[in-house]
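Student: I'd like to learn how to read a structure, one feature at a time. Can we sit down with one and go through it together?

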Amino acid sequence: MLSLRMCGLSIAKMVGGENKMDNLLEIARVVAGSIYVLYLPGYVLSFIFMKRGSIDAIERVAISFALSISVVPLVVFYINMLGVSITAISIFLEILGILTVSIGYLYYTNIYKYKHDVSKI
């Protein structure tokens with residue numbers, strides 16, 4: 001009961017707080033961070049495991065969330081075992097690394113397929 005009251009107070013403060021611009025920026029930060037952590041890594045990885053057109057958009061969204069929820073904590077855990085502390089910046093960079101490696105792999109495989117495509121001849 002106390003936690004519900006605290007949650008209600010924090011939402012009321014966010015909606016009707018002193019500075020509306022700070023509240024909007026906070027909401028935008030939470031939404032953008034949630035998309036960055038919970039959706040983008042899985043979305044890019046879904047193109048590695050399932051080729052374009054093989055599944056519907058709704059299935060890709062669901063698989064994106066599942067892949068992100070499974071891959072991001074594993075990467076953070078193993079990087080932490082290497083001695084890197086868990087901070088907001090390190091998690092941001094680790095997810096950026098996942099995205100960079102995945103997009104690089106997709107780019108490389110597409111270029112390789114294009115160079116070795118026999119249907120062009």
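Tutor: Let's begin with Arg 29. Keep in mind that this is a predicted model.

Student: Okay. Is Arg 29 buried or exposed?

Tutor: To be called exposed, a residue needs over 50% relative accessible area. Arg 29 has 54%, so it counts as exposed.

Student: Which side chain does Arg 29 meet in a salt bridge?

Tutor: Start with the general idea: side chains of opposite charge can pair when their charged atoms come close. Here the side chain of Arg 29 meets that of Glu 26, at 2.6 Å from N to O. Searching the whole structure turns up one salt bridge.

Student: Where do Glu 26 and Arg 29 lie?

Tutor: Both are in helix α2, three residues apart, which is about one turn of the helix. Glu 26 has a relative accessible area of 32%, so it is partly exposed.

Student: Now helix α3. Why is α3 described as largely enclosed by the rest of the structure?

Tutor: Count the buried residues. To be buried, a residue must have under 20% relative accessible area. In α3, seven of the 10 residues are buried, and that is why the helix is called largely enclosed by the rest of the structure. They are Pro 41, Gly 42, Val 44, Leu 45, Ser 46, Phe 47 and Ile 48.

Student: Rings next, please! How do I describe two aromatic rings together?

Tutor: You describe a pair of aromatic rings by the distance of the centres and the angle of the planes. In this model the count comes to five aromatic pairs. One of them is Tyr 43 with Phe 47, an edge-to-face pair with 5.0 Å from centre to centre and 90° between the planes.

Student: How many residues apart are Tyr 43 and Phe 47 in helix α3?

Tutor: They are four residues apart in α3, residues 40-49, so about one helical turn separates them. Tyr 43 is at 29% relative accessibility, so it counts as partly exposed. Phe 47, with a relative accessible area of 13%, is buried.

Tutor: Another pair is Phe 77 with Tyr 78. Their ring centres are 5.2 Å apart and their planes meet at 65°, so this pair is edge-to-face. Phe 77 has a relative accessible area of 44%, so it is partly exposed.

Student: Which residues form an aromatic cluster?

Tutor: Tyr 39, Tyr 43, Phe 47 and Phe 65 form one aromatic cluster.

Student: Phe 47 keeps coming up. Which residues does Phe 47 touch, leaving out those up to four places away in sequence?

Tutor: Phe 47 touches Arg 52, Arg 60 and Leu 106. Arg 60 lies over the face of the Phe 47 ring, 4.0 Å from the ring centre. As for Leu 106, it is 59 residues from Phe 47 along the chain, yet their C-alpha atoms are separated by 7.8 Å.

Student: Where is Gly 97?

Tutor: Gly 97 is in helix α5, residues 88-115. Its relative accessibility is 29%, so Gly 97 counts as partly exposed. Compare sequence and space again: Gly 97 and Val 75 are 22 residues apart in sequence, and their C-alpha atoms are 9.9 Å apart.

Student: Let's zoom out. How many helices and strands does the protein have?

Tutor: There are five helices and zero strands. Of its 121 residues, 20% count as buried. The accessible surface comes to about 9200 Å², with 73% of it belonging to carbon and sulfur atoms.

Definitions and conventions
Residues are numbered from 1 along each chain as its sequence is written. This is a predicted model: local features need pLDDT of at least 70, side-chain atom pairs count only at pLDDT 80 or more; totals for chains, interfaces and linings use all residues. Side-chain values use heavy atoms; hydrogens and water are left out. Rings of Phe, Tyr and Trp (its six-membered ring) pair if their centres lie within 6.5 Å; planes under 30 degrees apart count as stacked, over 60 as edge-to-face and the rest as tilted. Helices (H or I, at least four residues) and strands (E, at least two) are DSSP runs, numbered from the N terminus. Buried means under 20% relative accessible area, exposed over 50%, partly exposed in between (1.4 Å probe, protein chains only). A charge sits over a ring if NZ of Lys or CZ of Arg is within 6 Å of the ring centre and within 35 degrees of the ring normal. A salt bridge is a side-chain nitrogen of Lys or Arg within 4 Å of a carboxyl oxygen of Asp or Glu. Accessible areas come from the Shrake-Rupley method with a 1.4 Å probe; for residues, only the protein chains shown count as cover. Contact means heavy atoms within 4.5 Å.
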